[in-house]
Amino acid sequence: MTVHSSLQPSIDAWAHSAEAISELVAPLSEGEWSGRSGLPGWSVRDVVSHIIGAECEALGDPRPIHNLPADLMHITSEKARYVEVQVDTRRHHTAPEMTADLEYTLIRRRRQLRDEKRAPEAKMRGAFGSEMTLAELTHYRAFDIWVHEQDIRRALGRPGNIDSPGAHLVRDELLARLPKVVAEDAAARPGSIVVVDVTGPVEFMRTVRVGEDGRGSIDGSVSLGPTVTLTTDWETYLWLATGRLRAAAVADRVKAEGDPQLAEAVLRNFTVTD
């Protein structure tokens, strides 16, 4: 138990996914490491390299000095370029090198989290080199590692942990960002009500309301006569919200009722992660 109980849910979720990823990749052949992950330009090896690099940065390790090749077509932003450095430095590592690097990094991170004495509000280097508090960084790492656990599982055809502690942490974070999707990104008019009804192992219904000031809020109450109702399953919601899939690719798995223009705008802007 960390001295800061507010950090424990994130630490527990992170630890659960870290252990799962270790077990998933330990027996992989070289060919499986090179398999496509579903993320643009990334293999399974690249996803694991990203996890290693992100955890090394959380440990405070210096970033590698590395020039990226000029032909990486999936690099379309400075954030992507920042992330790719840690990935490309490991792109030609063998399977034993990858598993050893992963295990050593996770051992160090477990020790760091177990012995953490800093206050939750302490400032440090966070995602993409930005400044974050310890609480924000711990939460972000739990979010990121669970989503990438699911990327790896999807690539390997090994589903699991879809309702684990990380899943519930990710659900809450995605839902916290949903009011912005509706009110700002989809430009819903004041008075609009959008209901999201999700089924499956992580089941929930949430209502986003756009106030007269144009700002969105979210709650779990039932709304009669919403402007739009979107119904889907948890995995589809996850892949849409994290940008793994676009709405057109899963049109048969998302039921939209109500104002078709607003429904299309919400789905078009559904991705909330970088």
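**Helix contacts, sheet and rings**

Author: In helix H3, Asp46, Ser49, His50, Gly53 and Glu57 meet Tyr82, Val83, Gln86 and Val87 in helix H4, where contact means heavy atoms within 4.5 Å. By class this contact has three nonpolar, four polar and two charged residues (Ala, Val, Leu, Ile, Met, Phe, Trp, Tyr, Cys and Pro count as nonpolar, Asp, Glu, Lys and Arg as charged, and the others, Gly among them, as polar). Please keep in mind that this is a predicted model, in which local features need pLDDT of at least 70 and side-chain atom pairs count only at pLDDT 80 or more, while totals for chains, interfaces and linings use all residues. Residues are numbered from 1 along each chain as its sequence is written, and side-chain values use heavy atoms, with hydrogens and water left out.

Reader: What makes H3 and H4 roughly parallel or roughly perpendicular?

Author: H3 (residues 44-58) and H4 (residues 78-88) pack at an angle of about 105°, and their axes are 8 Å apart. Angles under 35 degrees count as roughly parallel, over 145 as roughly antiparallel, 65 to 115 as roughly perpendicular and the rest as oblique, so H3 is roughly perpendicular to H4.

Reader: Why are H3 and H6 called roughly antiparallel?

Author: The axes of H3 and helix H6 (residues 134-156) cross at roughly 165° and come within 10 Å, and this angle therefore makes the two helices roughly antiparallel to each other. Among the residues of H3 in this contact are Val44, Val47 and Ile51, which meet a set in H6 that includes Leu137, Ile145 and Leu156. The residues of this contact divide into 11 nonpolar, two polar and three charged.

Reader: How do you know whether H7 and H8 are oblique or roughly perpendicular?

Author: Helix H7 (residues 165-185) packs with helix H8 (residues 234-241) at an angle of about 60°, their axes being 11 Å apart, and the two are therefore oblique to each other. Ala167, Val170, Arg171, Leu174, Leu175 and Leu178 in H7 meet Trp234, Tyr237, Leu238 and Ala241 in H8, and the residues of this contact comprise nine nonpolar, no polar and one charged.

Reader: What makes E5 and E7 edge strands?

Author: Five strands form an open sheet of mixed pairing in the order E5-E4-E3-E6-E7, and strands E5 (216-219) and E7 (255-258) each pair on one side only. Two strands pair if DSSP finds at least two bridges between them; strands E3 (residues 193-199) and E4 (residues 204-210) have six, in the antiparallel sense, and Val195 has Thr207 in E4 as its bridge partner. E4 and E5 also pair in the antiparallel sense, over four bridges, and in E5 the bridge partner of Thr207 is Asp219. H8 lies across E3, E4 and strand E6 (228-233), running at about 110° to E6.

Reader: Why is the pair of Phe204 and Trp234 called edge-to-face?

Author: The structure holds five aromatic pairs (rings of Phe, Tyr and Trp, the last by its six-membered ring, pair if their centres lie within 6.5 Å; planes under 30 degrees apart count as stacked, over 60 as edge-to-face and the rest as tilted). The rings of Phe204 and Trp234 have their centres 6.2 Å apart and their planes at 75°, so this pair is edge-to-face. Because Phe204 lies in strand E4 and Trp234 in helix H8, the pair ties together parts that are 30 residues apart in sequence.

How values were computed:
Axes fitted to C-alpha atoms, helices over the stretch in contact; angles between N-to-C directions.
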